[in-house]
Amino acid sequence: MSDRVIFSRPYRASRELANLEAVLDSDHSHGDGRFTKSATAKLKAITGAPHALLTTSCTHALELGALLLELGPDDEVIVPSFAFTSAATSIALRGATCVFVDIDTRTGNIDPVAVAEAITARTKAVLVMHYGGVAADMDALLDLAERHGLAIIEDNAHGLGGAWRGRRLGTLGTLGTQSFHDTKNVHCGEGGALLLNDEILMGRAEIMREKGTDRARFLRGQVDKYSWQDIGSSYLPSELNAAVLDAQLDDFETIQKERHRVWDTYAAALPEWAARKGVHLMHVPAEAEHTAHLYYLRMPTEDSRDGLIAHLAGRGIVAPFHYVPLDSSAAGLKYGRTPVACVRSAEFSGTLVRLPLWPMLTESQLTRVVEGITDYRW
Ligand SMILES: *Cc1c(COP(=O)(O)O)cnc(C)c1O
């Protein structure tokens with residue numbers, strides 16, 4: 001098969017080169033310049049977040065969030081077993097303990113019942129990852145957070161523009177994080193953002209993001225010199241990254257339309273086959289507006305999953321699986337605790353297949369993927 005169908009291809013936005021040239025021709029390529037301002041405004045418009053800060057990655061936005069919440073060695077944060085490593089490392093870096101809980105198999109998202117059972121006097125926050133841009137059960141999670149006085153961290157790397165009952169993801173909890181890694185819907189190579197509702201947290205976040213200084217206030221003319229105010233690090237991206245991000249955000253509607261076209265093609269082509277073969281397809285609850293970040297299926301067994309991936313690879317189609325559960329990983333055992341075995345997460349991870357999904361995937365490539373799946377025998 002000459003024409004490989006790759007898993008993901010970063011989108012090319014029309015204004016990227018012009019924006020980059022404008023930065024390189026200016027005398028300003030360090031952070032917080034014109035494109036950072038412009039991209040931040042677009043991000044706020046898409047998410048409805050009152051406050052947003054561009055960061056060098058989603059991982060760094062999560063680390064900044066952990067600093068803001070003042071996580072320390074006495075604290076526990078409840079984390080879904082099925083999540084990306086950055087969620088757990090941001091907590092472990094503060095010396096806090098990750099308490100891993102199981103997921104809801106219908107969505108791959110954290111199970112509120114498991115969260116309720118894992119809350120202790122030391123619990124400070126719950127980390128929620130909206131898998132595939134499909135919202136977790138935010139009614140139940142927000143209710144638990146309110147009753148127990150817990151912060152909610154939304155790892156919204158997949159969920160830019162998604163919603164739960166019309167409320168934008170990344171803005172429902174205490175803080176939300178976005179990723180602009182080149183595997184995400186909108187990208188600038190590497191990049192991220194922190195979304196905040198609270199003005200006081202925002203005041204502290206902009207200091208922590210700029211090496212612990214009040215440089216942001218200085219740039220706004222609010223202080224006549226900037227100085228060391230707090231702990232922090234360097235989490236601001238360069239204008240070169242912001243210039244690419246700004247161009248991508250200009251094309252956000254086109255990107256999403258294209259991704260939904262691909263997603264809808266899979267969702268229309270596979271149900272009859274899936275029902276016949278006992279395969280579960282990606283499920284979107286009625287309350288959730290998803291972002292077409294990914295499309296997945298869950299095979300009946302791990303063997304049939306491995307077999308399907310190999311079968312597709314033989315036809316030049318790349319369909320990986322991802323993530324390996326955090327609770328049973330080497331660092332998970334060291335930095336976390338797992339009160340109840342996360343059997344649903346292990347099963348979800350063990351049967352998962354993710355299909356190629358990117359904006360310019362052609363109809364003939366999609367037909368090949370669908371045929372590759374439906375003529376697999378096990
Ligand atoms: C990609 C991803 C991250 C990390 O994003 P970076 O910008 O690469 O740091 C974190 N969480 C989830 C769910 C992701 O998919």
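1. K184 counts as buried because its relative accessibility is 18%, where buried means under 20% relative accessible area, exposed over 50% and partly exposed in between, with a 1.4 Å probe and protein chains only. This is a predicted model, in which local features need pLDDT of at least 70 and side-chain atom pairs count only at pLDDT 80 or more, while totals for chains, interfaces and linings use all residues. Residues are numbered from 1 along each chain as its sequence is written, and side-chain values use heavy atoms, with hydrogens and water left out.

2. Where does K184 lie? It is in the loop between strand 10 (175–179) and strand 11 (192–196); helices (H or I, at least four residues) and strands (E, at least two) are DSSP runs numbered from the N terminus. Not counting residues up to four places away in sequence, K184 touches A157, H158, S179, R259 and H293, contact meaning heavy atoms within 4.5 Å.

3. An unreviewed UniProt entry lists K184 under "active site". The annotation "modified residue: N6-(pyridoxal phosphate)lysine", also from an unreviewed UniProt entry, covers K184. UniProt positions are given in the numbering used here, feature names are shortened, and annotations may be inferred rather than shown by experiment.

4. The ligand is surrounded by 14 residues, and the closest are T59, D155, H158, S179 and K184; a residue is near a molecule or strand if one of its heavy atoms lies within 4 Å of it.

5. An N or O atom in the side chain of S179 is 2.7 Å from an oxygen atom of the ligand. A polar backbone atom of G191 is 3.4 Å from a ligand oxygen atom, and a polar side-chain atom of Y323 lies 3.5 Å from an oxygen atom of the ligand. Of the 380 Å² of accessible area that the ligand has on its own, the protein covers 92%; accessible areas come from the Shrake-Rupley method with a 1.4 Å probe, and for residues only the protein chains shown count as cover.

6. Q248 is found in helix 9 (residues 239–250). Q248 counts as buried because its relative accessibility is 0%. Not counting residues up to four places away in sequence, Q248 touches Y11, R12, A13, E16, N185, V186, H187 and I255.

7. The buried residues of helix 15 are Q365, L366, R368, V369, V370, G372 and I373. They pack against helix 10 (252–269), helix 11 (271–277), strand 14 (296–298) and helix 12 (302–314).

Methods. A polar contact is a pair of N or O atoms within 3.5 Å; within protein, one must be able to donate a hydrogen and the other to accept it, and residues adjacent in sequence count only if both atoms are side-chain atoms.
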